[in-house]
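I opened the model to look up a few things about its chains. My notes are below the picture.

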Amino acid sequence: MSEENKGNWWIWKVFWILLGLTTFEVLLGVFKPDFLNNTIFLGTKLLNHVFIVLTLIKAGYIVLVFMHLGFERTNLKWTILLPAFILVPYLLFIVLSEAGYTYLML
Amino acid sequence: MSETENYGKAWQGDDKPYAASYGKLMMWFFLITDTLTFSAFLASYGFSRFKYPDIWPSPEDVFTHFPFLHGDHPLLFVALMTFILIMSSVTMVLAVNYGHKMQKNKVILWLSLTIVGGFMFLGSQAWEWGHFIHGDRGGIDTQTEYVVHVAKGEELSSVYSLMGVDGHDGHHHHFTKEEIVLGLENQSEYNIRKANGEYLTNEESIKYLKKNATKVLLGANLEDNEYGHRLFADYFFFITGFHGFHVFSGVIILIIILINVVKGTYERRGHYEMVEKVGLYWHFVDLVWVFVFTFFYLV
C-alpha cells in the first residue's frame with residue numbers, strides 16, 4: 001500500500017474504533033453490569049478483565065496503525081515489541097503476586 | 001563478491017536491516033524505555049492497590065465533577081480528556097500523512113490543530129488537579145492511618161454538609177475533630193463510613209471518632225489525602241503528573257516543529273520525516289493515557 005495514494009479513510013476508521021471502544025468502556029464503568037461486576041476471576045472482577053482487553057485492543061490500533069509499526073519490517077516490529085511483551089508481564093506478575101503477601105503489613 | 005569485500009561494505013554503514021532512519025530508530029528505542037518507566041509506575045500503583053484491597057478509594061467516589069454541571073458525573077470528564085487526546089492523535093496522523101505528500105499548508109493546519117488539542121488536554125488536567133487538590137467531601141484521619149468519610153445513612157455526604165457550610169465558597173475552611181464529633185451529636189441523621197465501606201450508626205460513629213480520630217482532612221496533597229490512603233494521592237500526582245509533563249514537552253516540541261514547517265526547513269530538506277518522528281512521540285503520549293485512563297479511572 002503506497003503512502004501517497006491511500007487517502008485518509010484509514011485514519012478516520014481507527015478514530016471511530018478508538019472512540020467506540022472508549023465510549024463502551026465508559027458506559028460499562030458507569031452502569032457496571034451485575035454479572036461482570038460480581039464475578040471474580042484471577043483476583044479481580046471480570047469487568048476489570050474486560051477493561052484490560054479493550055485497552056489492549058486500543059493500544060494495538062494506536063501502535064500498529066497510528067505509529068505505523070504494523071507497516072514496518074518484521075525485525076523492527078519485534079525489536080520494539082518483544083522487550084515490552086517480556087518485561088512488562090514479568091514485572092506485573094512479580095509485583096502483583098507479592099502485594100498479597102505484604103497485605104496489612106504496616 | 002568476495003567475503004572481504006562484503007565485510008568492508010558492512011562497516012561503511014550501507015546496510016539498513018530495519019529499513020528505518022537513524023532518528024526514527026532512536027525515537028523508537030527511547031519510547032521503549034519510556035514504556036518501561038510508565039509500566040513500572042502503573043505496576044507499583046497495582047502493588048499498593050493489591051496491598052490495601054479493601055480500603056483503597058474507589059475512583060468513582062473521587063473523580064465525579066464536570067465543569068458547569070452540578071451533581072455527580074463519574075468518568076464523564078476523563079472521558080472528555082480521552083476524547084481530546086485521541087482527537088489530537090488523529091490530527092497528528094493527518095499532519096504526518098500530508099507531510100508524506102509534501103503538502104506544506106495542510107501539514108501546518110493539522111499540526112496547529114494538534115497543538116490546540118495538546119493545550120486543551122493540559123487545561124483539562126489543570127482543572128482536574130485543581131479539583132483533586134481542593135477536595136470534595138473532606139475526610140477524617142484515624143490513628144490506623146485510614147481515612148473515614150461523613151455519610152447520611154447509607155450514602156456518602158461531606159464534612160461541609162455536616163458543618164453546615166458551602167465547601168466551594170472559596171473560603172479556606174478548617175475544622176477540628178471535636179467540632180465533627182459535636183456535629184454528629186447534634187445531628188443524628190449523620191454518621192460515618194469507614195475506609196472499608198462499612199457504614200456505622202450515629203452513636204457508633206461518635207464512639208469511633210472519639211477513640212480514633214486524629215484530624216480533619218480537607219483536600220489532597222502529598223501528605224494528606226481526604227479521599228483515602230495517602231498513597232492514592234501520591235500516585236495520582238506522580239502518574240498523571242509525569243504523563244502531563246510528557247504532554248507538555250510534546251506540545252513544546254510540536255511548536256518548534258511547526259515553526260520549522262512554516263519556515264520551509266523540511267520543504268528544502270526534501271522530506272517531512274521530522275514531523276513523523278515527533279508524531280511517534282505524540283502517539284506514545286496518547287498510548288500512555290489509554291493505560292492511565294484504564295488503571296486509574298476505570299478499574
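**Ground rules.** The model is predicted, so I noted that local features need pLDDT of at least 70 and side-chain atom pairs count only at pLDDT 80 or more, while totals for chains, interfaces and linings use all residues. Residues are numbered from 1 along each chain as its sequence is written, and chains are lettered from A and ligands numbered from 1 in the order in which they are written.

**Chain A, elements.** I found 4 helices and 2 strands in chain A. Helices here are DSSP runs (H or I, at least four residues), strands are runs of E of at least two, and both are numbered from the N terminus. Read from the N terminus, the order is α-α-β-β-α-α.

**Chain A, overall form.** I looked up the radius of gyration, which is taken over C-alpha atoms. Chain A has 18 Å, whereas a compact globule of 106 residues would have a value near 13 Å. The globule rule is 2.2 Å times the number of residues to the power 0.38. The box filled by the C-alpha atoms of chain A is roughly 60 × 35 × 20 Å along the principal axes.

I then checked burial: 15% of the 106 residues of chain A count as buried. A residue is buried if 20 or more other C-beta atoms, placed from the backbone, lie within 10 Å of its own.

**Chain A, domains.** Domain 1 covers 1-71 and domain 2 covers 73-106; such bounds come from an automatic or database domain assignment. The C-alpha centres of these two domains of chain A lie 21 Å apart.

**Helix H4 of chain A.** I followed H4(A) over residues 74-101: its 28 residues reach 41 Å from first C-alpha to last, close to the 40 Å expected. The expected span is 1.5 Å times one less than the number of residues. A kink of about 35° lies at Leu81(A), shortly before the proline Pro83(A). The bend is the angle between axes fitted to the seven residues ending at a residue and the seven starting there. H4(A) is hardly covered, with 2 of its 28 residues buried.

**Contacts with chain B.** I noted that 39 residues of chain A are in contact with 38 residues of chain B, contact being C-beta atoms, placed from the backbone, within 7 Å. On the chain B side, H2(B) gives the largest share, 12 residues.

**Chain B, domains.** Domain 1 of chain B is 29-134 + 231-298, and domain 2 is 139-218. Their C-alpha centres lie 37 Å apart.

Note on methods:
A residue is buried if 20 or more other C-beta atoms lie within 10 Å of its own, exposed if 12 or fewer, and partly exposed in between; C-beta atoms are placed from the backbone. Two residues are in contact if their C-beta atoms, placed from the backbone, lie within 7 Å.
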